[in-house]
Amino acid sequence: RKMQEQEAAKTQADKLQKEKLRQDNCNRARQAKATLASGRLLSHVNAKGERGFMDEAARDAEIKRADAVIASDCGPMAEPAQ
C-alpha cells in the first residue's frame, strides 16, 4: 500500500511539473506572438555573427509557430488514455 501511495505522489508531481512547463511555453509563445505582431523591425544575428532583420516571410513563419505552441500548450492539459 505504501508503494502505491509513493507512486501516486510521484505521478502527481510529474503531472504538476508538466503543467508548469506547458504554462511557461504558453506564456513565452504569447509574448513572442505579441512582439512579432507589433510590426516593429526585429533584428537577429546569423551563424556568421552578422546582424540582419526579419523579413515578412520569416515573421509570418514565426507567428505560425507561436500559434501552434499556443494551440497545444495554452488550453487544458489532455489526460492520457488509460
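User: What makes D14 count as partly exposed?

Analyst: Its relative accessibility, computed on a predicted model, is 36%. Buried needs under 20%, and exposed needs over 50%. The value for D14, 36%, falls in between, so D14 counts as partly exposed.

User: And K10: how is this residue classed, and at what relative accessibility?

Analyst: K10 has 47%. The exposed class starts over 50%. K10 therefore counts as partly exposed.

User: Why is the contact of D14 with K10 called a salt bridge?

Analyst: The closest N and O atoms of D14 and K10 are 3.2 Å apart. The cut-off is 4 Å, between a side-chain nitrogen of Lys or Arg and a carboxyl oxygen of Asp or Glu. The pair of D14 and K10 meets this, so it is a salt bridge. D14 and K10 are four residues apart in helix α1, which means about one helical turn separates them. In general, side chains of opposite charge can pair when their charged atoms come close.

User: How many salt bridges does the structure hold?

Analyst: Six. Another one of them joins D67 and K33, with the closest N and O atoms 2.6 Å apart.

User: How do you know that the side chains of E56 and R59 meet in a salt bridge?

Analyst: The N to O distance for E56 and R59 is 3.7 Å. The limit is 4 Å, so the pair qualifies. E56 and R59 sit three residues apart in helix α2, about one helical turn. Their classes are opposite. E56 is exposed at 52%, because the threshold is over 50%. R59 is buried at 6%, because the threshold is under 20%.

User: Why is the link of C26 and C74 called a disulfide?

Analyst: The sulfur atoms of C26 and C74 are 2.0 Å apart. The rule asks for cysteine sulfur atoms within 2.5 Å, so C26 and C74 form a disulfide. C26 is in helix α1, C74 is in the segment after α2, and they are 48 residues apart. The count by this rule is one disulfide. The link of C26 and C74 is right-handed, with 110° about the S-S bond.

User: What are the relative accessibility classes of C26 and C74?

Analyst: C26 has 1%, under the 20% limit, so C26 counts as buried. C74 has 23%, between the limits, so C74 is partly exposed. R22, A29 and L36 are also buried in α1. The cover over the buried residues of α1 includes α2.

User: How do you know that the reach of α1 is close to what is expected?

Analyst: α1 has 36 residues. From first C-alpha to last, α1 reaches 52 Å, and 52 Å is expected at 1.5 Å a residue. Just after α1, G39 takes a positive phi of about 85°.

User: What makes R40 count as exposed?

Analyst: R40 has 51%, and exposed means over 50%, so R40 counts as exposed. R40 lies in the loop between α1 and β1.

User: Which residue's side chain makes a polar contact with the side chain of R40?

Analyst: S38, at 3.2 Å. Beyond its neighbours within four places in sequence, R40 is in contact with T35 and R59.

Technical notes. Residues numbered from 1 in each chain as written. Predicted model: local features only at pLDDT ≥ 70, side-chain atom pairs only at ≥ 80, totals over all residues. Heavy atoms only, no water. Helix = DSSP H or I, 4+ residues; strand = E, 2+ residues; numbered from the N terminus. Buried < 20%, exposed > 50% of the residue type's maximum accessible area, 1.4 Å probe, protein only. Expected span 1.5 Å × (residues − 1). Contact = heavy atoms within 4.5 Å. Polar contact = N/O pair within 3.5 Å; in protein donor to acceptor, adjacent residues only side chain to side chain.
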